[in-house]
Amino acid sequence: MRETRDGVRVDMFSSSASADSDLLVLDIDDFKGEFSFDGLFGNLVNEILPSYQEEESDAAEGHDALPNGNLRTPPDAGKSAQGMSSPLFPEVDDLLSLFKNSCKQLVDLRKQIDGKLNNLKKEVAVQDTTHHKTLSELEKGVDGLFDSFARLDLRISSVGQTAAKIGDHLQSADAQREVASQTIELIKYLMEFNSSPGDLMELSPLFSDDSRVAEAASIAQKLRSFAEDDIGRQSMTISSAVGNATASRGLEVAVANLQEYCNELENRLLARFDAASQKRELSTMRECAKILSQFNRGTSAMQHYVGLCPMFDVEVMNADAELVLGDQGAQPSPSNVARGLSSIFKEITETVRKEAATIAAVFPSPNDVMSILVQRVLEDRVPKLLEKLLLKPSLVSAPPMEEGGLILYLRLLAVAYGKTQELARYLRGVGCGDLDVEGLTESLFLPHKDIYIEYEQASLRQLYKAKMEELRTEGQQSSESSGTIGRSKGASMASSHQQISVTVVTEFVRWNEEAVSRCTLFSSQPAAVAANVRAVFTCLLDQVSIYITEGLERARDSLTEAASLRERFVLGTSISRRVAAAAASAAEAAAAAGESSFRSFMVAVQRCGSSVAIVQQYFANSISRLLLPVDGAHAASCEEMATAMSSAEGAAYKGLQQCIETVMAEVERILSTEQKATDYRSPDDGIAPDHRPTQACSKVVAYLSRVLESAFTALEGLNKQAFLAELGNRLHKGLLNHWQKFTFNASGGLRLKRDITEYGEFVRSFNAPSVDEKFEQLGIMANVFIVAPESLSTLFEGTPSIRKDAQRFIQLREDYKSAKLAARLSSLWPSSS
């Protein structure tokens with residue numbers, strides 16, 4: 001009996017465990033499909049080991065199973081088995097017999113299978129040999145087919161080539177027949193035109209039929225071309241044959257008649273074109289333009305169409321001039337001109353754009369027509385407007401500033417140039433064929449740009465001259481309005497009215513900046529821009545240099561006049577009291593004038609420095625970058641700038657020297673009038689000495705503090721340091737000379753030391769170490785009036801450098817003779833005696 005377990009078919013045995021093992025039969029089918037060794041093994045041993053199934057069920061009920069499929073034996077199973085007297089596994093013999101029989105059958109089955117496999121291999125080998133033989137025969141057949149197809153393809157190709165040659169011959173024959181037919185027709189027509197000069201009445205109907213105008217135009221052009229070529233060949237060939245000469249004359253008649261006919265036909269077509277243009281019949285216009293394109297490539301039709309455009313009417317051009325220039329005789333304003341040009345050029349651009357649409361719809365070659373149209377705009381309408389707008393003035397007799405001057409011409413030129421360039425860009429965007437719009441636009445301004453820089457320089461000079469006249473007029477009016485004043489006060493007032501103005505220098509820079517902008521507008525090449533900019537900047541340097549130098553010289557004139565006032569009132573010793581009082585009053589007025597001129601000059605120096613700084617800043621920000629592309633241009637301009645400012649520096653230096661002279665003159669006047677002999681030789685009356693500075697010292701310090709306030713503000717850097725150092729040295733020298741006029745006792749020496757301290761504290765604000773050192777030495781030398789005669793030898797042991805000046809001070813001691821200090825000093829300092 002057979003049944004299936006776990007998908008594997010096996011034999012079920014009904015005999016007992018002792019039955020003969022030969023009853024077991026294994027079939028090959030048992031190993032087909034999804035084979036399971038566990039299932040096969042279970043079916044083999046079920047008859048001998050009936051408990052096998054029970055153990056399997058027990059394992060399914062909860063006994064632990066090992067990972068290899070065996071059941072886990074309980075711990076006490078061995079102990080219970082040891083107590084049993086029966087054999088542990090009595091079915092082992094039956095199982096061994098069963099397994100041996102199974103192995104034998106399995107070996108037999110393997111042999112059967114091996115035999116079948118060998119048979120299959122042999123059959124496969126036979127079939128493979130047969131298959132290879134069949135494939136070889138098929139390949140031979142396919143090769144034969146390919147050879148047949150190749151021969152067939154060659155025959156087809158040969159037949160096709162033959163047919164193509166036949167077709168070419170037929171086409172060539174047809175073309176020759178057609179050419180011959182056309183030639184016959186052309187000869188017939190040529191004979192008609194060759195009949196007699198000026199006789200066009202006997203022509204074929206083709207040449208008078210309006211419906212066949214295109215065909216007639218084409219034939220006429222062919223005949224004309226043929227006749228002209230023949231005449232050309234005849235003229236190049238020298239022949240004495242009468243027939244040739246006759247033929248040549250005959251063709252000349254034909255050429256003349258054809259030319260007359262073509263002219264008549266062209267005029268007829270142009271008239272029809274004009275009529276269609278008036279009615280805006282684009283189809284008719286397009287037809288006429290197409291036919292006219294056969295006459296000189298349609299140039300006459302293109303020019304005729306452009307010439308009839310309303311935008312080129314005389315009335316329109318006159319209206320342009322009125323819009324831009326305004327009322328006749330009025331001075332045009334650059335802003336109004338800019339607005340007028342923008343309006344006109346916008347209208348031109350819109351008109352050209354509209355015409356472009358019509359041209360594209362009518363003409364076979366619209367780019368050529370657009371080129372003619374734009375060229376007419378830039379050679380007719382725009383130049384006529386610019387001719388009225390840009391009237392080039394004369395450099396010899398330039399128009400006055402009341403009429404706008406040269407600057408008006410330059411501003412109008414810049415506006416016109418910029419707006420025309422903008423128009424050129426717009427027209428290029430609309431379309432103008434191959435026309436060089438930029439080059440044509442540049443050519444409009446070449447007469448103005450050739451000597452442009454000369455006009456720019458002349459304009460800057462004219463502006464400067466007008467500004468100086470304006471400033472002089474303002475100064476005169478201000479002086480006249482002030483009425484009659486004193487001489488010194490009047491000089492000060494005149495000087496203040498003509499003081500250097502930073503605003504004026506800023507205006508110079510603004511003029512120059514405007515000129516530089518025009519340089520960059522009119523020039524596109526870096527070298528040309530650099531050359532023009534340098535020329536313009538040189539004008540600014542000249543203007544600023546002259547202006548600030550003259551301003552400094554005017555301020556110096558005030559200092560000079562104040563000095564002359566001081567010298568005028570220098571008095572002798574033998575004068576009356578009333579004359580001395582009047583002279584003192586005049587001297588005070590001269591001192592006031594000197595102080596005023598000092599302040600005015602310091603203001604001039606300050607404004608001069610500010611003006612130079614403005615020019616330098618302008619050069620760094622605007623000019624430098626334009627000069628850098630050209631080698632050496634930047635360095636040359638820097639050198640020119642230094643040279644231009646050197647004259648102003650010289651005037652400033654001389655003026656500062658005069659300022660020092662003015663200050664020292666007033667210091668000497670104060671000291672001579674205020675310093676008393678008793679200041680340094682107080683009577684020994686038992687009264688406590690006065691430790692305050694003398695009145696002369698206080699007034700000098702007050703004057704210096706007041707007058708130098710403007711110097712501290714106006715001067716900067718090294719200029720300030722040098723000026724104050726020079727003034728400090730001059731003050732030191734002046735005080736030394738002043739004190740040589742007095743005699744000092746001990747209390748007077750203390751007073752002098754107090755004055756020196758006051759002077760020293762003031763000059764410390766100069767920040768000049770050398771000056772501070774000199775005043776410190778003065779303080780040391782003042783001790784010669786305070787110490788006892790016997791202590792003089794030790795007074796200057798640490799400072800031998802001032803021993804000579806100290807000896808002069810010692811001679812001013814009140815007891816110099818009584819104490820016989822001369823002999824004592826000779827013994828102490830023999831080298832200085």
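Start with the crossing of α19 and α21, which is right-handed (left-handed if the near helix is turned anticlockwise from the far one by less than a right angle, right-handed if clockwise). This is a predicted model, in which local features need pLDDT of at least 70 and side-chain atom pairs count only at pLDDT 80 or more, while totals for chains, interfaces and linings use all residues. Residues are numbered from 1 along each chain as its sequence is written, and side-chain values use heavy atoms, leaving out hydrogens and water.

**Stop 1: α19 and α21**

Select residues 633-674 for helix α19 and residues 717-739 for helix α21; their axes come within 10 Å and cross at roughly 30°. That makes α19 roughly parallel to α21 (angles under 35 degrees count as roughly parallel, over 145 as roughly antiparallel, 65 to 115 as roughly perpendicular and the rest as oblique). Axes here are lines fitted to C-alpha atoms, for helices over the stretch in contact, with angles from 0 to 180 degrees between N-to-C directions. Helices are DSSP runs (H or I, at least four residues), numbered from the N terminus.

Now show the side chains in contact (heavy atoms within 4.5 Å). Among them are Leu-656, Cys-659 and Ile-660 of α19, and Phe-723, Leu-727 and Leu-731 of α21. By class, this contact has 11 nonpolar, two polar and three charged residues (Ala, Val, Leu, Ile, Met, Phe, Trp, Tyr, Cys and Pro count as nonpolar, Asp, Glu, Lys and Arg as charged, and the others, Gly among them, as polar).

**Stop 2: Phe-723 and the core**

Keep Phe-723 selected: beyond residues up to four places away in sequence, its contacts include Phe-598, Met-602, Leu-708 and Leu-715. Phe-723 is also listed with Phe-363, Leu-552, Leu-708 and Trp-739 as having the most contacts inside the largest nonpolar core, which has 166 residues. A nonpolar core is a set of buried Ala, Val, Leu, Ile, Met, Phe, Trp, Tyr and Cys residues joined through side-chain atoms within 4.5 Å. The largest share of this core, 15 residues, comes from α19.

**Stop 3: α9 and α10**

Next, pick residues 314-325 (helix α9) and 334-362 (helix α10), whose axes come within 7 Å and cross at roughly 150°. That makes α9 roughly antiparallel to α10. Asp-320, Leu-323 and Val-324 of α9 meet Val-337, Gly-340, Leu-341, Ser-343 and Ile-344 of α10.

**Stop 4: His-448**

Finish in helix α13 (residues 437-449), where you will find His-448. At 11% relative accessibility, His-448 counts as buried (under 20% relative accessible area, with exposed over 50% and partly exposed in between, for a 1.4 Å probe and protein chains only). Leaving aside neighbours within four places in sequence, His-448 is in contact with Leu-390, Lys-392, Tyr-409 and Leu-413.

How values were computed: Helix = DSSP H or I, 4+ residues; strand = E, 2+ residues; numbered from the N terminus.
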